[in-house]
Amino acid sequence: MDPIRIELPTGWSMGSVNAYLFTHPEIILVDTGDKAEDAWEALVDGLAAHGVAPRDISRVVITHPHVDHFGSARRIIDESDATVWIFEQGAPWLLESSTLWEQRANYYRDHFLPRTGLPAETRQLIVAGNEQLRSMAVSVPEERIIPFRAGGELHMGGMGWQIIHTPGHASTQTVFYQPETRQLISADMLLAVVPVPIVEHPPAGRRDRDPALPQFMRSLAALEALEVDRVYPGHGRPFDDHRAVIARQRERIESRKAQCLELIREGKSTIPELLEIMYSHQPPVGRVTGLWMLVGYLDLLIDDGLVREEELDGVSRYYPVPDRP
Ligand SMILES: [Zn+2]
């Protein structure tokens, strides 16, 4: 059977989030929406339209541990015998996640944000935004979690769905691909618009973070190689022209990256300078998304060997790498 889309409200500007329901051979819900009451009511209504109640769910599958995708997982398992399936690398965010949130907040506050050279009030807004997300997280007891591995398969709707690890928007995100019916549950990896490459704290034992946008580009190439007839995204309506969507996004990213390089070649060397020009269409308080994108473009340019980063008085500066003679 095809995944049934249940659209759920979020309190955020991106609008709604999708959960996907399989009603047989067992009742499986892929992603849950956030934990707000209106999202829960919409979920209960959406399930009821297909003759299902939360207590009937036997499995909850999470694409990635962002609060708009797993926020109702706890309430579902409290009302049912369901287990929660998630990529093994993402499972810690559902277990005892306070250490992880703490690490992320500390990384933003003490390392990443000071180096951006952004004013203190902007930095505080970003730290506060992270705290707000943290307040929307829920925990799931370990005995109810079943971690899965990339490369394996999930059985949903009577078919086997390949589990593909696609870091970029989130380092622990997975998408699910059904090769016979050529369907792809794409989470926030493939949306109609470019997803935000969110800056994450470095993995345990490492000093540097993983550059998210370069990872996203590689994940995009992996999805482009798949034969897909229907994409079921984490936000927005399902669509079918996945290669056209990917081509458009790549073009958009390439042109913004080129603009960023041009500005650096003109002598703009700091994040506030670049942000001011590239995101002048957004009010300063709304430039967090812009910041994640800009950091992504810089990561790509550094990866390409076109730009180098130097720290001066604790602030990152970006300079063009001269073309070789
Ligand atoms: Zn999302």
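In what order do the six strands of the open sheet lie, and what is the pairing? The order is E1-E2-E3-E4-E5-E6, and the pairing is mixed. The model is a predicted one.

**The six-stranded sheet**

- Strand E1 (4-9) and strand E6 (145-148) are the edge strands; each has a single partner strand, so one side of each has no neighbour in the sheet.
- From one strand to the next, the twist averages 25°.
- Strand E5 (residues 83-87) and E6 run parallel and are joined by four bridges.
- In this pair, Ile86 stands opposite Pro147 of E6.
- Helix H1 (residues 37-48) packs on the sheet, where it touches E1 and strand E2 (16-22).
- The direction of H1 makes about 155° with that of E1.

**The five-stranded sheet**

- A further open sheet has five strands in the order E7-E8-E9-E10-E11, and its pairing is mixed.
- Its edges are strand E7 (153-156) and strand E11 (230-233); each of them has a single partner strand, so one side of each is left without a neighbour in the sheet.
- On average, neighbouring strands of this sheet are turned by 25° against each other, with direction ignored.
- Strand E9 (residues 174-178) runs antiparallel to strand E10 (residues 183-187), and three bridges join the two.
- Tyr177 has Leu184 of E10 opposite to it.

- Strand E12 (residues 307-312) and strand E13 (residues 315-320) are antiparallel and share six bridges.
- Opposite Glu309 stands Tyr318 in E13.
- Two residues lie between the strands of this hairpin, and Asp313 takes a positive phi near 50° there.

**Helix packing**

- Two packed helices are described by the angle between their axes and the distance between the axes.
- For helix H7 (residues 242-265) and helix H8 (residues 271-278), the axes come within 11 Å and cross at roughly 125°.
- H7 and H8 are therefore oblique to each other, and their crossing is right-handed.
- H7 brings Gln259, Cys260 and Leu263 to this contact, while H8 brings Leu274, Ile277 and Met278.
- By class, the residues of the contact of H7 with H8 are five nonpolar, one polar and no charged.
- Helix H6 (residues 212-224) and helix H9 (residues 288-303) pack at an angle of about 75°, and their axes are 7 Å apart.
- H6 and H9 are therefore roughly perpendicular to each other.
- On the H6 side the contact is made by Ala212, Leu213 and Pro214; on the H9 side it is made by Gly296, Tyr297, Asp299, Leu300 and Asp303.
- The contact of H6 with H9 has five nonpolar, one polar and two charged residues.

**Domains**

- The domain assignment of the protein chain gives domain 1 (4-95 + 139-240), domain 2 (97-134) and domain 3 (252-320).
- The centres of domain 1 and domain 2, taken over C-alpha atoms, are separated by 25 Å.
- Nine residues of domain 1 and seven residues of domain 2 take part in the contact.
- The side of domain 1 that touches domain 2 consists of six nonpolar, two polar and one charged residues.

Definitions and conventions. Residues numbered from 1 in each chain as written. Predicted model: local features only at pLDDT ≥ 70, side-chain atom pairs only at ≥ 80, totals over all residues. Domains from an automatic or database assignment. Contact = placed C-beta atoms within 7 Å. Nonpolar A, V, L, I, M, F, W, Y, C, P; charged D, E, K, R; others polar. Axes fitted to C-alpha atoms, helices over the stretch in contact; angles between N-to-C directions. Parallel < 35°, antiparallel > 145°, perpendicular 65-115°, else oblique. Left-handed = near helix turned anticlockwise from the far one by under 90°. Pairing = 2+ DSSP bridges.
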